[in-house]
Amino acid sequence: MKLQEIQRVATITKEDFLNDFFKPQIPLVIENFNDGWAAHSKWNLEYMRQMAGDKIVPLYDDRPVHHDDGFNEPHAKMKMSEYIDLLKSKPTKYRIFLWNILKEVPALQKDFSIPDFGIRILKKVPMLFFGGENSHTFMHHDIDFANIFHFHFEGEKQCVLFPQSENKYLYRIPFSIITHEGIDFSNPNYEKWPALIKAHGFKTTLKHGEVLYMPEGYWHYMKYLSPGFSMSLRTLAHNPFNFLEAAYNIFLMRHVDVLMRKLKGQKWIEAKNKRAITRTNRII
Ligand SMILES: O=C(O)CCC(=O)C(=O)O
Ligand SMILES: [Fe+2]
């Protein structure tokens, strides 16, 4: 893989963001984004314990997909305060994924406002993600091909991104939005995954207070180097082809996959994993 460092700016105007990053769909890190957000100084794991300690949170680890798993079904549950103790005491695979702030902890809304980057950010879906040291999310792209603004708090997070143009090298799983789960994108084994050598992507390490802009449909792998959390804000896909692809994913692809899991069970998962390998290796 050839990974280029994502461009960084201290701050950026709306015009420059639109012209230099949104229109050409280039990722960016804004280091000192601060719209007067209280979140900037307040948000850390201890504050989350105060605000949401008694909430029961859904947790995900990195176990491979199993046909019995529903779409985004959690692997464990515990109280937020216990989860934060766990994060702080030792490395853990458990992550919180797509936790809607408005639904779960509405009081957190007063700590941030929806920023104006010149594109319309959806107000109802600010999502939180938490992870322990060394936990990671599978390489995936979001099902809705959104533009994503990913605000990071506490700790450090390693990010590896690929545009959709690299799909053919990534061992994509059919009828899904992930790549083959056997790949470690923080240290890939090229003997096992030779096509990855040809993939061109981006990388960065996010620190507290930084915002990562991910263009539409960008693949992302994220590894928490230390315990921390992030909030993602999103816009609808602007490119009409991406918008159509999103609609196909949401209204058809997802349901076909669920149906086939029911009909064929684990064989369906195995067949998809195999197909990811044969169709990718064929092109090299
Ligand atoms: O940081 C994570 O755990 C995943 C973030 C993510 O996938 C997203 O913001 O879309
Ligand atoms: Fe994502």
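1. Setting aside neighbours within four places in sequence, L212 is in contact with P27, V29, H150, C159, T204 and L206 (contact: C-beta atoms, placed from the backbone, within 7 Å). L212 is also listed, with L128, L161, V211 and Y213, among the residues with the most contacts inside the largest nonpolar core, which has 56 residues. Such a core is a set of buried Ala, Val, Leu, Ile, Met, Phe, Trp, Tyr and Cys residues joined through C-beta atoms within 7 Å.

2. This is a predicted model: local features need pLDDT of at least 70 and side-chain atom pairs count only at pLDDT 80 or more, while totals for chains, interfaces and linings use all residues. Residues are numbered from 1 along each chain as its sequence is written, with chains lettered from A and ligands numbered from 1 in the order in which they are written.

3. Two loop residues deserve a look. F145, between β8 (136–140) and β9 (147–153), has a phi near 50°, and E154, between β9 and β10 (157–162), has a phi near 55°; strands are DSSP E runs of at least two residues, numbered from the N terminus. Most residues other than glycine have a negative phi.

4. Are these two buried or exposed? F145 counts as buried because it has 27 C-beta neighbours inside 10 Å, and E154 counts as buried with 22. The cut-offs are 20 or more other C-beta atoms within 10 Å for buried, 12 or fewer for exposed, and partly exposed in between, with C-beta atoms placed from the backbone.

Conventions: Two residues are in contact if their C-beta atoms, placed from the backbone, lie within 7 Å. Helices (H or I, at least four residues) and strands (E, at least two) are DSSP runs, numbered from the N terminus.
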